Amino acid sequence: MALGLAAKKEIVAEVSEVASQALSVAVAEYRGIEVGDLTELRVKAREQGVYVKVVRNTLAKRALADSKFSDMDSALTGPLIYGFSMEAPGGAARLFKDFGKTNDKLKVTALSIGSGLLGPEKLDAVASLPTRDEALAKLLATFKAPVGKFVQTINEVPTKFVRVLAAIKDEK
């Protein structure tokens, strides 16, 4: 079914808004995957904080043109499904990697974490990026002092010091 100009503008605006807030994007060919399997992928995506959408590549190129994912332009060919990680940088890559274990028709073609186009060979590296909670846990584990003392120290930062920092910032 043909899309009117208004519908196309709405899709571009929606994807552009999502891309502006996303931490990373993964793109995969979905040729041959049955509707029930794609529905299962969408359900898992919602659970993991990943925005998944099938979009015409010409519309996706327009939506991504002014975003940190503009470098994806050359990789947008063929029937693609787009996964935008909204909560963890490796979310979409992890989703596609896990789904690909049970459905070999999903082929990741490109990834981006906002710093250049990455090929499908980088899927494992991007999928292994820690979530926010995992990163915080690793950070806390590196402290030699007990976490309780660290929290106590943070809580004891005088209000006056915070005001001084705010004043310095306002002077700039």
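**Labels and their grounds**

Reply: In helix α4, the residues Gly91, Ala92, Ala93, Leu95, Phe96 and Phe99 are buried. The model is a predicted one.

Me: What covers the buried residues of α4?

Reply: The cover includes the strands β1 (24–29), β2 (50–54), β3 (80–85) and β4 (107–112), together with the helices α2 (35–47) and α5 (123–127).

Me: How do you know what span is expected for α4?

Reply: The expected span is 1.5 Å times one less than the number of residues. α4 runs over residues 91–102 and has 12 residues, for which 16 Å is expected; from first C-alpha to last it reaches 18 Å, which is close to that value.

Me: What makes β2 and β5 edge strands?

Reply: The 5 strands form an open sheet in the order β2-β3-β1-β4-β5, with antiparallel pairing. β2 and β5 (117–118) each pair on one side only, and they are the edge strands.

Me: Why do β4 and β5 count as a pair?

Reply: Two strands pair if at least two bridges are found between them. β4 and β5 have 2 bridges, in the antiparallel sense, and therefore meet that cut-off. In β5, leucine 118 is the bridge partner of leucine 111. As for the helix, α4 packs on the sheet, where it touches β1, β2, β3 and β4, and its direction makes about 135 degrees with that of β3.

Me: Which aromatic pairs does a search of the whole structure find?

Reply: The search finds 1 aromatic pair. Its members are tyrosine 51 and phenylalanine 84, with 6.1 Å centre to centre and 50 degrees between the planes.

Me: Why is phenylalanine 84 called buried?

Reply: Buried means under 20% relative accessible area. Phenylalanine 84 has 1% relative accessibility, so it counts as buried.

Me: Which residues touch the most other members of the largest nonpolar core?

Reply: Among its 21 residues, they are Met72, Leu76, Tyr82 and Phe84. The elements giving two or more residues to this core are α1 (5–21), β1, α3 (57–64) and β3. α1 gives the largest share, 5 residues. Apart from this core lies another, of 20 residues, including Val50, Ala92, Leu111 and Val126.

Definitions and conventions: Residues are numbered from 1 along each chain as its sequence is written. This is a predicted model: local features need pLDDT of at least 70, side-chain atom pairs count only at pLDDT 80 or more; totals for chains, interfaces and linings use all residues. Side-chain values use heavy atoms; hydrogens and water are left out. Helices (H or I, at least four residues) and strands (E, at least two) are DSSP runs, numbered from the N terminus. Buried means under 20% relative accessible area, exposed over 50%, partly exposed in between (1.4 Å probe, protein chains only). Contact means heavy atoms within 4.5 Å. Axes are lines fitted to C-alpha atoms, for helices over the stretch in contact, and angles run from 0 to 180 degrees between N-to-C directions. Rings of Phe, Tyr and Trp (its six-membered ring) pair if their centres lie within 6.5 Å; planes under 30 degrees apart count as stacked, over 60 as edge-to-face and the rest as tilted. A nonpolar core is a set of buried Ala, Val, Leu, Ile, Met, Phe, Trp, Tyr and Cys residues joined through side-chain atoms within 4.5 Å.
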